[in-house]
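Keep the viewer open as we go.

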Amino acid sequence: MSFQLRDYQLQLNGQALFQTLNVTVEAGAVLALTGASGSGKSTLLSDISGVLTAAFTSYGDIVLNDCDLRSLPVEKRNVGILFQDDLLFPHLNVFQNLVFGLPDQLNRIEKQRRIEQALNEAELTGFEKRDIATLSGGQRSRISLLRTLLSEPDLILLDEPFSKLDASLRQQFRPWVFSHIAEQNIPAVLVTHDSTDIPPKSQTIHLEPINHA
Amino acid sequence: MNAAFFARTVFLRAIFSRAIGVLLFGLLLQANAADWQDTLKEAKGQSVYFHAWGGDENINAYIQWAIDQVKEKYDVEVKHVKNVAPNAITQILSEKSAGKDSGGAVDLMWVNGENFANMKRNNLLYGAFTQDLPNYQYVDTEHKPTTLYDFTVPVENLEAPWGMAQLVFLHDTDVVKKAPSSAAELLEFAHKNPGRFTYPAPPAFHGTTFIKQILLELTDDRDALYKPVQDADFDKITKPLWIYLDELHPLMWQKGKVFTDGAPRMTQLLNDGEIAISLSFNPFAASNAIATGELPDTVRTHIHASGTIANTHFVAIPYNSSSVEGAMVFANFLMSPEAQARKANTDIWGDPTVLAMDKLSAQDRARFDDLPKGVATLSNEELANVLLEPHASWVEALEAEWLKRYGQ
Amino acid sequence: MAEALRSVVNKKAPAGASNPNMPATLRTIFWPLIPPLTTAVFMVPILFGLLGTWLPAFGYLPAIGQSQFSLQPWQALVHYPGFFSALTNTLVTGLIASILSLMIALFLLHGAYPSQWFNRIERALSPALSIPHAAFAIGFGFLIAPSGWLLRLMNGLTGMFPAPPFWTTFQDPVGISLILVMVLKETPFLLFMALAVLPSLKVSQTLWLVRSQGHGKAFAWRYLIFPRLYQQIRLPFFAVVAYSLTVVDIAIIAGPTTPPTLAVLILQRFNDPDLVQRTVGAAGATLLLGIVMIVLIGLSLLQQAIQRWDYYRLCHIKRPKRHWSITDISARVVSVFIGTAYIGTLTITLLWSITKRWRYPDILPESFGLRAWVRLNDRLAEPFWCTFLLAILSSLLALILVILALENELRLSRLSKRVSLSRIQWLVYLPLLIPQIAFIFGFQIALIHFGLDAQFITLLWSHLVFVFPYVFLTLSGPYRRFDERYSWQGLTLIGQRWKVFWRIKLPMLLRPILYTLATGFAVSIAQYLPTLFVGAGKYSTITTEAVAIATGSDRRMMAVIALWQQTLPLLAFASATIIPILLFRHRKAMSHQ
């Protein structure tokens, strides 16, 4: 399993936003993208995910497991995403939120089993019926990641996932996220402007704005 | 051709045609009966949209009763559209504008006076039909000339008489010890009790009738009012009216600066004690309102000694009615002794009949004999004192002049 | 081969937001149809209606034998007795009422927002808005007329007025009582519209910031918040101006009589037995439209002038530091006054509905009875059902159209097509800015011409014309504020846009959606002219019944039907509040939005 960008370029109004990218991320590895705000980090993620707004145009290949993602719509790409906000659905309880990620064809008992197991691992045993609004920030973040991971993505995108957590929570949550990603053995792309978010030994690319003088 | 001659010819011609009508009536009776059977057959299952003012719950209930009756008796489905005549005319007119000359939305409508005159002039009426209605023979056309001349406009069987109306005044005996019996006494009353009388602003129908009444009482050339206004010296004839109103207005409710929009609003003011004399076009209005609690039982009816304006209200079929036969069946039923007697009952509506008692069978006549009259209603003798409506053309001229003087 | 071609294309062509999943027909036919379809829903009736009014205004009305174009109707209009006074009445009452409503709404915000007190006002807004104008005007008349409740109370206390005094407190020639009724009805509407945009203006933060710099609260409101607020509620305000200048029903009930306002005069022309007067009415209706347009342009120019003046003052004046606590108190007083007027009106309507006899100077009815309730109940079933069907269907249809239009907006912005929100806003407001009286007659003629009159479906359409704008205005705010990342998140989890829409977006927006439906429901119930004319009288609703009864003299019946007329919208608003509470009783985040 691997994720690749080949001769990738992102343009706004015909002008490239940053340098042409050629990069490969292996399963279990993390690619960190850093850069000033407005450098196009998050836009790059939306392109990989398949929801790029038309103001931007991109060139080059986005390849996941030897498959060209460009030919697939969002829902077929199997790319999970985690935002800085947990974006848990407020009208659903914990179980209903998590079940969203599970494939439809699983039967009810299997779904229950997997969710129970996931909650156990996250030290949230018995939280199935809880209202999202009653959870702490840390708990919500964990459930949000669980939801993404339960959908068994082939690639996970992390859009500054820690930026809204306080320092101590960040300390705990960071290793927890990366260990779970490693466990699933999938490539991950992390966008951040905080270098401490980047796990050791990961590839880092700094997006350099191109000066169109 | 001079105007008097013209009027006389019109009148004679009408009488003549009626005479022929009566003559032919006997001959055609049997043929008519057969035709009527055809009409009844055609009418079966038809829907009739009857456009009639819906502001009075007694009247609405009465119409609903009539609707139930014709449904049961003739299988005609009538729907009461609570709509005033001008709106119904707008509807017909819009249909005519759009070239919809059949299948119109209005099948039958409650109408009289100027609205009828205008519909007639603009060919918005179906045509002569009342002569074909079996119950038309009972109408008191001899003693109730307004069943033939609607605001002096010849009816020519274009609309079916439904009920009689007469301008009456209502007064609260708590305040008014002696009811004014003339325009002059009314003015006197106003002098003694400033602020306690008003009348609706023309062109509201009741208001226009009131100024016509006053004009009829004050003018010394009453004949001129029964001819087209174009032939009269308007300024000279109406001068006494304006002098009268100039004096009356400052003594009226709200110093004559605010007017009501119709008699219904005046009923409320009478109940509120804001005014002490009100008016109505229904001789039974006071008894009715007392019965429902709308007015206190100290209210009584009076009219002026010179008589008051009376007219007839009708139902008419528009030219593009979708259910002509059904409309005829309903119009015929509304003229039936049964329906007319019920209508004249003050406990139900209290609208005087258009029928002649002497034309009815003893059995039908009995229906009218035991009707309750109500405490505040005048006797038939008192009410017999009737003035005819001036020529329809006076309405517009009087309204325009009134508006010019008091409406700006 | 095709596969290879695609990868080549992909390499060369920009990817953009092409959505390969969506069937081509949906993308190329369905969505592009949405804007013209929604626009047509309300523009077609207006265009046909205006044409049908303009032609008679210039003498063309073949139905009465007038097929020569001429200026005759205009001359007749100008020479109609009382025309100029009616015009003055219209301008005076319309302008004063609308501007006063705006000032009072702003004053209440200045004095009481944000506060506990204001939350109370906010909760009272929907019930206040759901009361039909005409019902309110009649009830208010019961209150302030010379024989009204206030004077009966005064007489009860002092014994000074054994008979009703000769004061002119209602339907006065200047139009003060009409202005009062309009102000009482329009101020809550403007407050309601302001409340929708206030969160985006960050009032608390602005006040905090400005006061920390040593400036007064009045300064902050006057120079920093009001200008931006006005910019955002300008169109609702314009709708109020247009309404106040052209309203018919409450002008008949509470307005001056001799002459009345121009709109009433026009309606009288339309209703005159002399059919030629209809062309005069049409000319008047056209003039009224012109007046509205001129006034709105004038207001826009005034706004620019004030902005320039503000800018000058900001640079040159000393900023007032005092905090006027008097405004806080008087804002409370004013809101209490408005609230009292509503409660008084409702109470007296309730009292009349159960009255048998009630005369001046009795403070309470002499005898009670339920006759009016019983009589009306016997025959309200059909109008009730018709009202309900029209209201529910028109608001549902409007909701679907509005959601489609808003989704299309999102789709376009994903495609980076320029979406001019202000142009959409203007377009949607058009039916509210054009006087009903200026196009409803013409629309009726057009419908008859195409054989579409007097049918339920076209009646529904005519309601939709007026329901759509309110539904759009109520929903567009919350809908546009929806965080689309939820949809994106949902898409990565379950795919299929429509599933995401049903299972995530719709439930999350349930509260504003239900509220919107209730608003549409109330708007539909209030329609009188469209129901009467487009329905050709064949469909009676609670409102047509109410108007019919209001032409009579029986106040008890009027009170009962007015109460029914208020009950339906109130029930709708109540359900819009209660359903989400019940549905989301275990979801704290959904209980306040």
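A nonpolar core here is a set of buried Ala, Val, Leu, Ile, Met, Phe, Trp, Tyr and Cys residues joined through C-beta atoms within 7 Å. Buried means that 20 or more other C-beta atoms lie within 10 Å of a residue's own, exposed means 12 or fewer, and partly exposed is in between, with C-beta atoms placed from the backbone. A bit of housekeeping: this is a predicted model, where local features need pLDDT of at least 70, side-chain atom pairs count only at pLDDT 80 or more, and totals for chains, interfaces and linings use all residues. Residues are numbered from 1 along each chain as its sequence is written, while chains are lettered from A and ligands numbered from 1 in the order in which they are written.

So, to the inside. The largest nonpolar core has 211 residues, and Val189(A), Val181(C), Ile250(C), Ala263(C) and Ile561(C) are the ones with the most contacts inside it. Helix 10 of chain C (residues 217-246) gives the most to this core, namely 14 residues. Helices (H or I, at least four residues) and strands (E, at least two) are DSSP runs, numbered from the N terminus. Apart from that core there is another, of 119 residues, including Ile89(B) and Leu270(B). Back at Val189(A), leave aside the neighbours within four places in sequence and Val189(A) is in contact with Val25(A), Leu31(A), Leu33(A), Leu45(A), Ile48(A), Leu157(A) and Leu158(A); contact means C-beta atoms, placed from the backbone, within 7 Å.

Now for the helix pairs in chain C. Helix 4 (residues 83-112) and helix 8 (residues 176-201) of chain C pack at about 45°, their axes 8 Å apart. Axes are lines fitted to C-alpha atoms, for helices over the stretch in contact, and angles run from 0 to 180 degrees between N-to-C directions. Helix 4 and helix 8 of chain C are therefore oblique to each other; under 35 degrees would count as roughly parallel, over 145 as roughly antiparallel, 65 to 115 as roughly perpendicular, and the rest as oblique. By class, the contact of helix 4 with helix 8 of chain C has 15 nonpolar, 4 polar and 1 charged residues. Nonpolar covers Ala, Val, Leu, Ile, Met, Phe, Trp, Tyr, Cys and Pro, charged covers Asp, Glu, Lys and Arg, and the others, Gly among them, are polar.

Next, look at helix 19 (residues 456-481) and helix 22 (residues 510-526) of chain C, whose axes come within 9 Å and cross at roughly 155°. That makes helix 19 of chain C roughly antiparallel to helix 22 of chain C, and the crossing is right-handed. The contact between helix 19 and helix 22 of chain C has 10 nonpolar, 6 polar and no charged residues.

How do the chains meet? Of the 2 pairs of chains in contact, chains B and C share the most contacts. There, 55 residues of chain C are in contact with 53 residues of chain B. Helix 18 (440-449) and helix 25 (555-583) of chain C are among the elements that each supply at least two residues to that side of chain C. Helix 18 of chain C is also mostly covered, with 9 of its 10 residues buried. Over at the other pair, 32 residues of chain A are in contact with 32 residues of chain C. Chain A and chain B do not touch, and their nearest C-alpha atoms are 48 Å apart.

Methods: Left-handed = near helix turned anticlockwise from the far one by under 90°.
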